[in-house]
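Please open the model in your viewer and keep the selection panel at hand. The stops below go from a ligand and its surroundings to a helix.

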Amino acid sequence: MNGKHIRIAAIILTLLLVGLWGIRSAETPVSRDSGYRMLMGTLSRIVVVAPNDITAQDCLDAAFTAQHEVDRLMSYHKPDSELARLNRQADRSPIKVSDHTFTVLEEARRISALSAGAFDVTVAPLIDLWQHAADTNTPPSETEMVAAKAKVGWEHVILDPNQHTVHFTKPGMKIDLGGIAKGYAIDLSVTALKRHGALGGMIDIGGDLRCFGQPPRRKKAWTIGLQDPKRTDRFTPNQSVLALNITDQAVTTSGDYRRFGLIDGRKISHIIEPRQGRSSLSSASVTIIAPSAMTADALATAVSVMGPDQGLALIETLSETEAIVIANDGVTLTQTSGADKFILP
Ligand code: AMP
Ligand code: MG
């Protein structure tokens with residue numbers, strides 16, 4: 001073989017290898033795990049399955065951008081968020097908000113009506129009151145309770161779907177979207193992943209998550225562990241009571257084991273019973289499985305307030321929606337009639 005032949009052979013070999021690599025990468029999607037990042041006051045993680053590395057990276061960037069956007073708009077504590085502005089001004093006049101915030105407020109309203117007020121984003125003054133109580137280790141006085149309760153009531157939030165304005169009809173009203181915004185951020189992330197070419201993905205914000213499409217490593221479904229509420233110390237992080245098989249659903253969990261305060265050594269939940277104005281301790285953990293993470297997030301909080309009996313009865317009436325509740329003893333497990341199909345044997 002002379003030099004010319006060697007060059008031709010080398011070119012053919014290169015083309016062949018490139019072709020083979022092309023076939024291989026077309027057949028073998030990559031999966032990327034973002035690891036945990038601090039976002040919305042908790043930890044956020046995305047796993048994406050994509051045709052190649054560049055697409056996977058695009059997907060991760062777009063999904064995290066979406067999450068930052070939700071945090072920028074709906075954070076209760078950031079003074080420059082859209083929500084903070086609403087809370088300062090909407091009891092004086094109707095305030096125009098973004099499409100994102102308006103969508104979340106409309107869904108919050110729908111879940112409030114559905115849960116007969118168990119879910120109520122206007123509990124913010126009560127949350128502040130109990131937060132202060134935990135910080136100072138002193139329960140609120142009766143006068144403080146009456147004053148805070150007077151500012152609560154989802155029916156007093158007027159949403160104008162044409163103008164996208166929000167108006168509070170009681171003075172001093174405030175909204176806290178902590179029970180629903182994470183779910184919305186998850187749904188928005190799924191949209192971003194799909195738009196950027198993901199074949200599948202899992203978005204986890206603070207233990208609330210949604211999976212879609214192709215799971216990594218040619219598995220048929222995504223496997224999700226349900227945290228044992230009794231075994232949550234940081235040395236045993238992976239203690240599950242059961243595992244769920246998920247294809248295209250959100251799985252959200254509300255539970256006292258995840259966040260709580262103490263007054264005189266007694267646990268107070270971060271979830272408030274809106275009518276009594278007190279911390280609600282009706283279940284150790286409530287898990288909802290539903291198509292939308294925003295809906296599932298709000299329903300998990302609602303069922304936490306309603307308790308297992310009423311809560312499960314409500315979920316039974318909703319299509320494509322299931323619940324698994326662990327009672328306050330941390331052991332007794334009850335579930336809706338269709339939940340079994342998600343539970344791995
Ligand atoms: P989650 O972890 O989704 O159950 O949400 C809990 C958060 O929702 C709390 O930290 C509060 O910000 C907010 N919250 C508490 N009680 C309620 C309630 N009754 N309705 C709506 N949101 C609530
Ligand atoms: Mg919730």
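Select helix α8 (residues 293-306), which with three residues gives the most to the shell around ligand 1; helices here are DSSP runs of H or I with at least four residues, and strands are runs of E with at least two, numbered from the N terminus. This is a predicted model, in which local features need pLDDT of at least 70 and side-chain atom pairs count only at pLDDT 80 or more, while totals for chains, interfaces and linings use all residues. Residues are numbered from 1 along each chain as its sequence is written, and side-chain values use heavy atoms, without hydrogens and water.

Next, display the residues that surround ligand 1, of which there are 17 (a residue is near if one of its heavy atoms lies within 4 Å); the closest are Asp120, Ser254, Ile272, Asp297 and Thr301.

Zoom in on the polar contacts, that is, pairs of N or O atoms within 3.5 Å: an oxygen atom of ligand 1 lies 2.9 Å from an N or O atom in the side chain of Asp297, and a polar side-chain atom of Thr301 is 2.9 Å from an oxygen atom of ligand 1. The protein buries 96% of the 500 Å² that ligand 1 exposes when taken alone (Shrake-Rupley method, 1.4 Å probe).

Now move to helix α7 (residues 181-195), where twelve of the 15 residues are buried, so the helix is largely enclosed by the rest of the structure (buried means under 20% relative accessible area, with a 1.4 Å probe and protein chains only). Colour its buried residues, among them Tyr184, Asp187 and Leu193, and then show what covers them, including β3 (42-50), α2 (53-74) and α8. Finally, select Gly197, which follows α7 and has a positive phi, near 100°.

Technical notes
Chains lettered and ligands numbered in written order. Polar contact = N/O pair within 3.5 Å; in protein donor to acceptor, adjacent residues only side chain to side chain. Expected span 1.5 Å × (residues − 1). Buried < 20%, exposed > 50% of the residue type's maximum accessible area, 1.4 Å probe, protein only. Contact = heavy atoms within 4.5 Å.
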